[in-house]
Structures are given as C-alpha cells and as structure tokens.
Amino acid sequence: MVYTKKQRKIAKAMESLVHKRFNEETLKAELNKIFGKEIDGFELGYEDVEDFPEWDYMFAVNDDEIGGDFDVYVLMHKNKDMFGNTFYVTEVAYDFCDI
C-alpha cells in the first residue's frame with residue numbers, strides 16, 4: 001500500500017505518542033489535534049495475554065482520506081502521577097483503509 005502524505009503525517013504523529021504519559025482526557029485531546037477532528041468510538045480495551053494485562057485505547061476514523069483503525073497500547077500506572085497522568089504509551093498501531 002502506498003500511503004498518502006496526510007497518512008504519513010498521521011502515522012508519524014501517532015508514533016510520537018510512544019514513551020509519553022497521558023490520562024484519557026489528555027490522550028483524546030492529543031488525538032483530536034493529530035486527526036484535526038473529534039475522535040468517535042474512543043474506548044479502552046483489555047486483554048490478558050499470557051498472564052500479562054494488555055490495555056489499549058482503540059478507535060476508528062471514517063474519512064475518505066485518512067480512514068482506518070487505530071490502537072494506542074498503554075501500561076497503566078498504579079496511581080496517578082503528580083500531573084494527573086494514569087498511563088504510559090508503549091506502542092501504537094494503525095491500519096489505514098485503501099483509498
């Protein structure tokens with residue numbers, strides 16, 4: 001698949017989230033800024049993978065130019081940090097729809 005300039009820009013911005021701390025509100029605000037629109041269907045998912053909890057925020061974007069499925073994998077904190085952050089981003093995944 002050949003990515004458009006806008007898709008490459010979004011992929012780079014998504015990758016820049018890795019190794020940063022957020023809470024749900026600040027992550028959603030950052031994603032809204034990246035995509036230039038309000039993210040719908042933003043929800044936290046959980047899966048137990050070999051006795052290791054895997055959390056991710058998943059959402060879809062329905063747009064002709066940048067539509068696709070997106071995941072932001074996180075490591076949850078035991079407690080909020082001094083800035084109100086509740087998780088650390090470990091990985092992102094994106095699957096753009098063919099245009």
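Q: Is Glu 30 buried, partly exposed or exposed?
A: Glu 30 is partly exposed, with a relative accessible area of 25%. Buried means under 20% relative accessible area, exposed means over 50%, and partly exposed lies in between (1.4 Å probe, protein chains only). Bear in mind that this is a predicted model: local features need pLDDT of at least 70, side-chain atom pairs count only at pLDDT 80 or more, and totals for chains, interfaces and linings use all residues. Residues are numbered from 1 along each chain as its sequence is written, and side-chain values use heavy atoms, with hydrogens and water left out.

Q: What does the Glu 30 side chain meet in a salt bridge?
A: Lys 33, at 3.5 Å, N to O. A salt bridge here is a side-chain nitrogen of Lys or Arg within 4 Å of a carboxyl oxygen of Asp or Glu. Lys 33 is exposed, at 60% relative accessible area.

Q: How many salt bridges by this rule?
A: Four. One of them joins Lys 6 and Glu 65, at 4.0 Å, N to O. Lys 6 lies in helix α1 (residues 5-15) and Glu 65 in the loop between β3 (52-61) and β4 (68-76), so the pair ties together parts 59 residues apart in sequence. Helices (H or I, at least four residues) and strands (E, at least two) are DSSP runs, numbered from the N terminus.

Q: Are Lys 6 and Glu 65 buried, partly exposed or exposed?
A: Lys 6 is partly exposed, with a relative accessible area of 38%. Glu 65 is partly exposed too, at 37%.

Q: What does Lys 28 pair with?
A: Its side chain meets Glu 38 in a salt bridge, 3.5 Å from N to O. Lys 28 is in helix α2 (residues 24-35), and Glu 38 is in the loop between α2 and β2 (43-49), ten residues apart.

Q: New topic. What order do the strands take in the sheet?
A: The order is β1-β5-β4-β3-β2, in an open sheet of five strands with antiparallel pairing. Two strands pair if DSSP finds at least two bridges between them. β1 (21-22) and β2 stand at the edges with a single partner strand each, so one side of each has no neighbour in the sheet.

Q: How many bridges join β2 to β3?
A: Seven. Within that pairing, Glu 47 stands opposite Glu 54 in β3.

Q: Where does α1 lie?
A: Across β3, β4 and β5 (87-96), running at about 160° to β5. α2 packs on the sheet as well, touching β1, β3, β4 and β5, with its direction at about 40° to that of β3. Contact means heavy atoms within 4.5 Å. Axes are lines fitted to C-alpha atoms, for helices over the stretch in contact, and angles run from 0 to 180 degrees between N-to-C directions.

Q: And the core? Which residues have the most contacts inside the largest one?
A: Met 14, Leu 31, Phe 35, Phe 59 and Val 72, in a nonpolar core of 23 residues. Such a core is a set of buried Ala, Val, Leu, Ile, Met, Phe, Trp, Tyr and Cys residues joined through side-chain atoms within 4.5 Å. α1, α2, β3, β4 and β5 each give two or more residues to this core.

Q: What is Met 14 in contact with, leaving aside neighbours within four places in sequence?
A: Its partners include Leu 31, Ile 34, Phe 35, Phe 59 and Val 92.
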